[in-house]
Amino acid sequence: MSEQGSSQGKTYPPDPELSKTANVRPEMKDQDLEEFWDSQAKERISWFEPYDTVLDWQLPYAKWFVGGKLNACYNAVDRHVENGQGDKVALHVVPDDGPDSADAHDITFAQLQEQVVRFANGLKKLGVGKGVPVGIYMQMIPEAVVAMLACARLGAPHTVVFGGFSGKAVAERCNDLECKVLITQDEALRGGKTAAQKTNADEGLDGAGSTTVEKIVVVKRTGGDIPMNDRDVYLDDLVDGESSDAESCPCEPMESEDLLFLLYTSGSTGKPKGVVHTTGGYLTGVATTHNLVFDVKDDSVYWCAADIGWITGHSYITYGPLVNGVTSVLYEGVPGYPNKEVWWKIVEKYNVSILYTSPTAIRSHMKWGEQHAQAHDLSSIKILGSVGEPINPEVWEWYRKHVGGDKAPIMDTWWQTETGHILITPLPGITTMKPGSAQQPFPGVRPEIRDDEGNVLGVEQTGNLVLTAPWPGMMRGLYKDDQRFRDTYWSKYSDAYFAGDGAKYDEDGDIMLMGRLDDVVNVSGHRLSTFEIESALVEHGDVAEAAVAARKDPDTGQAIVAFVSLTGDKTGTEELEQALREQVAQSIGKLARPATVIFANDLPKTRSGKIMRRLLKNLAEGEELGDTSTLVDPSVVDEMKKQIQG
């Protein structure tokens, strides 16, 4: 793939060989919205009964593929077995201690079907069936995927609670959805350490006072000694003697708009929001985007290095890849354990052709050094992806060079829990790549960038990203809270979905995401994107990672506080702080110079790899930090606090 210069920096035209075989076709970009999604729904989804209406749009609510009946588990598992693909590997299961572990194993589609059927038959004994909600509080083990699919098979909506959350969060979510059953595991195993998963769940449910949960199903992961009482049952005992024959538990026919799952996402105020996702539109959206964005082939080996507790895991670990019949890697562990080469060992062992991960994870690998990737054969990689936050151009270039062999295109994807699937992204084979830019709407998606008055903005003007037309995987409201749904997403503009992210068009009409609108610093009346400041800091060769927050300032309104981790064994000095301030001034302008630079060994991250920006804001303002239990390493915050307090 050749590269060329532009006023935006380097660009990378499509590889002609990739263009010849790419799944996506240029004419798709010009298709009528309903025509495009109709064709995809018919091509990618098996319907028990065909739909009669593609789209019923009554703002702010959409219904897609009305009248159709289908089942998510049938599409993800059964139909592949029926089509003679039962022996194909569905999941390469990689445990916490890496691909060399004796516990590493493969699960074929036929084996997956058997496990799902037995699990579903077991759940039926507990009264789980169509419309009976189930909570899932698990780590990245295959039983978590099986649990989701077993619920879908029965028509039981699930809500997955991220395994790193507290028991209180479990109780809050299960009670809101009125879950009858909770599925969890005895203990978590992450980075060689165990955590009391079942005990956390007990404490949360018991502490809630009252709960709708009647039964807890416990998967034995470590075999650790945990308290069990009358409401608890081990999965092994629940499914003992249950049939694994698909005919013993047929897939429940579901209306296209029947609830598939709720996923709770934190709001800036108030309790977590229960985002509603239904069946037909969601499956169509995730299957279509997974196929076209990642250019999956029959022999692809795909690895989404996320967690099923987040929407990325739902859409691009469980439902999207399995509906497409693709072989995936399911990795229990964390980057850097048992060593800093574990990711690249996985790629090499399984010939991973597609890797989808977060900029945070990539920055960690950058910090550790490219020698770990270079020690392994990564030539199998054809496509790279980025998700979760805008990716800095420097990180993009490192990812392409050291992981993608200077040739793999990078899909810089923008989407949200609320959108269900990818909405803005380059496309392999047809897009000229620009480092750090999501670039173009996916076919059948209609974004705009507007100012606060609703005017569409021109080139290089940062504004609000909105979506002016519905898409299949869009949220169907907030659970039991229509008013909050309307107020949060549809009140700023009467005719468009307000995404809450800032964006701008470049001179070519491509879209660059600027991060959350609340991640904006206002210095002397000038609105500065924290993402741009962070990118400027990372341009310095000694900086591995940077995050920016604001504190109140009597002169400028807000002042910028930069939190910086350095490469290798570098240490922070006054000279380096001044160099970094000057770096930002040269890159953006003097107004953007950080007032304070805090050096740390690492930034506060959740176990999903996201920087916990709330804590950085609290640190910058000298406020109470609140709950730090979901951090990988809470001591990082203590170190920063000492620096700030001097």
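**Close-up 1. Lys-220 has its charged end over the ring of Tyr-234.** The charged end of Lys-220 lies 4.5 Å from the centre of that ring. Keep in mind, for this view and the ones that follow, that this is a predicted model.

**Close-up 2. Lys-492 sits over a ring too, and here the ring belongs to Phe-498.** In this view, 5.7 Å separates the charged end of Lys-492 from the ring centre of Phe-498.

**Close-up 3. Phe-294 and Tyr-302 make a tilted aromatic pair.** The structure holds 31 aromatic pairs, and this is one of them: the ring centres of Phe-294 and Tyr-302 are 5.6 Å apart, with 55° between the planes. Are these two residues buried or exposed? Buried means under 20% relative accessible area. Phe-294 comes in at 0%, so it counts as buried. Tyr-302 has a relative accessibility of 1%, so Tyr-302 is buried as well.

**Close-up 4. Helix α3 crosses helix α4.** Helix α3 covers residues 72-82 and helix α4 covers residues 109-125; their axes come within 8 Å and cross at roughly 125°. Because of that angle, α3 is oblique to α4. The crossing is left-handed. Which residues meet here? From α3 come Cys-73, Ala-76, Val-77, Asp-78, His-80 and Val-81, and on the α4 side they meet Phe-109, Ala-110, Leu-112, Gln-113 and Val-116.

Note on methods: Residues are numbered from 1 along each chain as its sequence is written. This is a predicted model: local features need pLDDT of at least 70, side-chain atom pairs count only at pLDDT 80 or more; totals for chains, interfaces and linings use all residues. Side-chain values use heavy atoms; hydrogens and water are left out. Rings of Phe, Tyr and Trp (its six-membered ring) pair if their centres lie within 6.5 Å; planes under 30 degrees apart count as stacked, over 60 as edge-to-face and the rest as tilted. Buried means under 20% relative accessible area, exposed over 50%, partly exposed in between (1.4 Å probe, protein chains only). A charge sits over a ring if NZ of Lys or CZ of Arg is within 6 Å of the ring centre and within 35 degrees of the ring normal. Axes are lines fitted to C-alpha atoms, for helices over the stretch in contact, and angles run from 0 to 180 degrees between N-to-C directions. Helices (H or I, at least four residues) and strands (E, at least two) are DSSP runs, numbered from the N terminus. Angles under 35 degrees count as roughly parallel, over 145 as roughly antiparallel, 65 to 115 as roughly perpendicular and the rest as oblique. A crossing is left-handed if the near helix is turned anticlockwise from the far one by less than a right angle, and right-handed if clockwise. Contact means heavy atoms within 4.5 Å.
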